[in-house]
Amino acid sequence: MNKVLVVKAHPKSIDSSKSLQIGKVFIESYKKSHPDDQVTIRDVYADKVPLINNENFDIWKKFKFGKDFFDLPKDQQQLMKGHVEWLDEFLENDKYVFINPMYNLFLPAELKQYFDVVAIVGKTFKYTEKGPVGLLKNKKAFHIQSTGGIYQGKDNEDQDIGDLYLRAIMKLFGINDYQSVLLEGVDNFPDQAEKMLNEASIKAKESAKVF
């Protein structure tokens, strides 16, 4: 049995979000094809991913750079409790599905905030003389994203900084099996949006069967 963590990063409801609609198709297809797997859905908007702020930054740095959680004073443990829970949940899963819209060429801030919480030295990666090395082996990641414009192509694929970042952070963690369904151009071609959504949903459904 594999454990699958679905990380949703969209403030809208599924009725008004194409990425969430594609994500729903993916999840349903995955569950049908992998009935014994455990699927957990985490919503970084509804569940309020912990903040890294002035109150906890120094404690977070201690934790991030090798300090064991249980070595911290009780008050600091309480302050970092949410961070540890989100990190532990991330570590215990085998596959990851990230669902988001593009915001100004990047991921939503809440999703970036999520990665700041789980990108911990000694947990998801480590530093070596040859550079950082990922600690999460034999895991997979899948990215579902909807954009108004078109960014995948020879001339402007580097403008989709969010997908590039997500691919890079997964590689940092040691996750090289990275797949995606990127719905693009729904604002450029509104008359074709429904057709494009259907095509992306079909791709997501088929991809989920073998993910």
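Which order do the strands of the open sheet have? Select the five strands and read across: the order is 2-1-3-6-7, with parallel pairing. Helices (H or I, at least four residues) and strands (E, at least two) are DSSP runs, numbered from the N terminus, and two strands pair if DSSP finds at least two bridges between them. At the edges sit strand 2 and strand 7, each of which pairs on one side only. From one strand to the next the twist averages 15 degrees; axes here are lines fitted to C-alpha atoms, for helices over the stretch in contact, and angles run from 0 to 180 degrees between N-to-C directions.

A word on the model before we go on. It is a predicted one, in which local features need pLDDT of at least 70 and side-chain atom pairs count only at pLDDT 80 or more, while totals for chains, interfaces and linings use all residues. Residues are numbered from 1 along each chain as its sequence is written, and side-chain values use heavy atoms, with hydrogens and water left out.

**Stop 1: strand 1 and its neighbours**

Select residues 3–8, which form strand 1, and then residues 38–43, which form strand 2. Six bridges pair these two in the parallel sense; for one of the partners, pick valine 4 and look across to valine 39 in strand 2. Now turn to strand 3, which runs parallel to strand 1 and is joined to it by five bridges. There, leucine 5 has tyrosine 96 as its bridge partner.

**Stop 2: helix 1**

Next, colour residues 18–33: this is helix 1, which makes a right-handed β-α-β unit with strand 1 and strand 2. Right-handed means that, with the strands pointing away from the viewer, the path from the first strand over the helix to the second runs clockwise. Helix 1 has 16 residues and reaches 23 Å from its first C-alpha to its last, close to the 22 Å expected at 1.5 Å a residue (the expected span is 1.5 Å times one less than the number of residues).

Show the side chains of Leu20, Ile22, Phe26 and Tyr30, which are among the buried residues of helix 1. Buried means under 20% relative accessible area, exposed over 50%, and partly exposed in between (1.4 Å probe, protein chains only). The buried residues of this helix pack against several elements, including strand 1, strand 2 and helix 6 (193–210); contact means heavy atoms within 4.5 Å.

**Stop 3: helix 5**

Move to residues 161–173, helix 5, which packs on the sheet and touches strand 3, strand 6 and strand 7. The direction of helix 5 makes about 165 degrees with that of strand 7. Within helix 5, click on alanine 168, which is partly exposed at 43% relative accessibility.

**Stop 4**

Select strand 4 and strand 5, which pair in the antiparallel sense over four bridges.

Is threonine 124 buried or exposed? Threonine 124 is buried, with a relative accessible area of 0%. Find this residue in the loop between helix 4 (109–118) and strand 4 (125–128). Its contacts include Leu87, Phe90, Val118, Leu136 and Phe173.

Finish at lysine 137, in the loop between strand 5 (131–134) and strand 6. Lysine 137 is partly exposed, with a relative accessible area of 48%. Its side chain reaches the backbone oxygen of glycine 134 at 3.2 Å.

Conventions: A polar contact is a pair of N or O atoms within 3.5 Å; within protein, one must be able to donate a hydrogen and the other to accept it, and residues adjacent in sequence count only if both atoms are side-chain atoms. Lists of a residue's contacts leave out its neighbours within four places in sequence.
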